[in-house]
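These are my notebook entries on one protein model. I set down what I looked up, entry by entry.

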Amino acid sequence: GERDLLCLDPGDPTQSPPGKVTLFRGAKPLYTRFYGGLDANRSPHVLIAALAEMLPQAQADIVVQLFPGRGAPLLRQISALCAQLVQPDEIFAPKGAALDLEGFPVGPEEVEIEAAFPQMVQQAQRKAQWLKLIESCTDHEIELRRVCIEGARLGSGKRLHPDSLAKAGLKGALHAEVTSGTLFVVSEEEPEEQVIARSLDVFHATRATVVAPDAYENLLCSFARQSGEDFGYGIVKRIDFESGIAHIACTAVPPAPVRILRLGGLRVDLTGNEHGEARPWQV
C-alpha cells in the first residue's frame, strides 16, 4: 500500500536500475545507496550502512525487504543484524527457504509467496533498465587523484612512484600501490615471477595482486558527495592510468562535484548486456 518500502535486495530489477538499495514512499524513491552488484554477499557492510542511513528517514510503519538468503552463513547473520536494527513487529520468510529461523527478534512466520520470474525474464528486465540508464548518461572525465575511491582495491593504499617501480623491475606498471602487506599493480602484462618476488621484497609486501587496465571497463559506478550521498549513477568506460583520468558515462550533470567515486563489481556494457561480477577486491 502506501507504507514506506526499503528494498535491501540489490538484485531486485524493480529498483530502476538494480545494483543499489532504495527507500520508496509509494512509487517514489526517497533515498538510494549505490551497491554496484546484484549479489548481497559481495558487500554486506554497504547494506548495513544503507539501513542505518535510511531508517531515520522512513515512516514508523516501514516494510524492509531483504535479499535472497540462500543459506549462506554471512547472509544469515546480516539478516539477523538487519532485524535487530529494525526491531520489527513481524517477520515473514518464504516457505521452503534455506534460512535458519532461530535468533530473530520475533518470528519469523513462514508464508507462501509467488514464484520468481525465470532468470531469462529477470535478465531482460534488468537489460531494459540498463539501457534506460545509459540513455540518460553524460560523459565525464574524473581525475583520480582528486577523489576518494570506494568499493575497489584501487586507491586504498600508498601510491608508488614510477622511479621506485622501475628500480624494482616493474617498468611496465601503469599504477602501483601498497596497503596492508599487499602490492597492487595495474599492468598490461603479467610481470615475471622473479620481478614480483623482488618487488615484494623492495616494497615490504607479502603478496601481490596484478590486474590489467581493461579490468575497470564497464564497471558500475556512482558519484557521491563528501557526505556520502550518491548523486550520479553510471558505467566506467575506461581508465587512462597514464593521465590519471577515469572516463565515465554518468547521470550526473557536468561539471559534477565528485568527492567520492564508488566502483561496483558488476560489468554492464553500453548495449545493456551484463558480463558478470569481478571478485571482491580484485580490482
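I began with a term that I needed throughout: a residue is called buried under 20% relative accessible area, exposed over 50%, and partly exposed in between. I also noted that the model is predicted.

I looked up Ser16, which lies in the loop between β1 and β2. Its relative accessibility is 34%, so Ser16 counts as partly exposed. I recorded a positive phi of about 55° for Ser16, although the residue is not a glycine. I then turned to the peptide bond from Ser16 to Pro17 and found that it is cis, with omega near -10°. Pro17 belongs to the loop between β1 (4-7) and β2 (20-25).

**Entry: Pro255 and His204**

I found a cis peptide bond between Pro254 and Pro255, with omega about -5°. Pro255 sits in the loop between β15 (245-250) and β16 (260-268). I next noted His204, which has a positive phi of about 55° and is not a glycine. The loop between α5 (193-202) and β12 holds His204. With a relative accessibility of 70%, His204 counts as exposed.

**Entry: cysteines**

How many disulfides does the structure hold? I found zero disulfides. Cys7 is in no disulfide, and the nearest cysteine sulfur, that of Cys82, is 12 Å away. Cys7 counts as buried, because its relative accessibility is 2%. Cys221 is buried, with a relative accessible area of 0%.

**Entry: salt bridges**

I counted salt bridges as a side-chain nitrogen of Lys or Arg within 4 Å of a carboxyl oxygen of Asp or Glu. By this rule the count is 10.

I looked at Glu53 and Arg33, which form a salt bridge with their closest N and O atoms 2.8 Å apart. This pair links distant parts of the chain: Glu53 is in helix α1 (residues 44-54) and Arg33 in strand β3 (residues 28-34), 20 residues apart.

I then took the salt bridge between the side chains of Arg126 and Glu274, at 2.6 Å from N to O. Here, too, distant parts of the chain are linked: Arg126 is in helix α3 (residues 119-135) and Glu274 in strand β17 (residues 274-277), 148 residues apart. I recorded Arg126 as buried, at 6% relative accessibility, and Glu274 as partly exposed, at 26%.

Glu143 and Arg145 also meet through their side chains in a salt bridge, at 3.3 Å from N to O. Salt bridges that share partners join Glu143, Arg145 and Arg146 into one network. Glu143 is partly exposed at 32% relative accessibility, and Arg145 is exposed at 66%.

**Entry: a charged patch**

Which residues form the negative surface patch? I listed Glu188, Glu189, Asp214, Glu217 and Glu242. I placed Asp214 in the loop between β12 (207-211) and β13 (219-224). Its relative accessible area is 48%, so Asp214 is partly exposed.

Terms used. Residues are numbered from 1 along each chain as its sequence is written. This is a predicted model: local features need pLDDT of at least 70, side-chain atom pairs count only at pLDDT 80 or more; totals for chains, interfaces and linings use all residues. Side-chain values use heavy atoms; hydrogens and water are left out. Patches are made of residues with over 30% relative accessible area and no salt bridge: like charges are joined within 9 Å, nonpolar side chains (Val, Leu, Ile, Met, Phe, Trp, Tyr) within 5 Å. Accessible areas come from the Shrake-Rupley method with a 1.4 Å probe; for residues, only the protein chains shown count as cover. Lys and Arg count as positive and Asp and Glu as negative; His and the chain ends are not counted. The place of a charge is taken as NZ of Lys, CZ of Arg, CG of Asp or CD of Glu. Helices (H or I, at least four residues) and strands (E, at least two) are DSSP runs, numbered from the N terminus. Buried means under 20% relative accessible area, exposed over 50%, partly exposed in between (1.4 Å probe, protein chains only). A disulfide is a pair of cysteine sulfur atoms within 2.5 Å.
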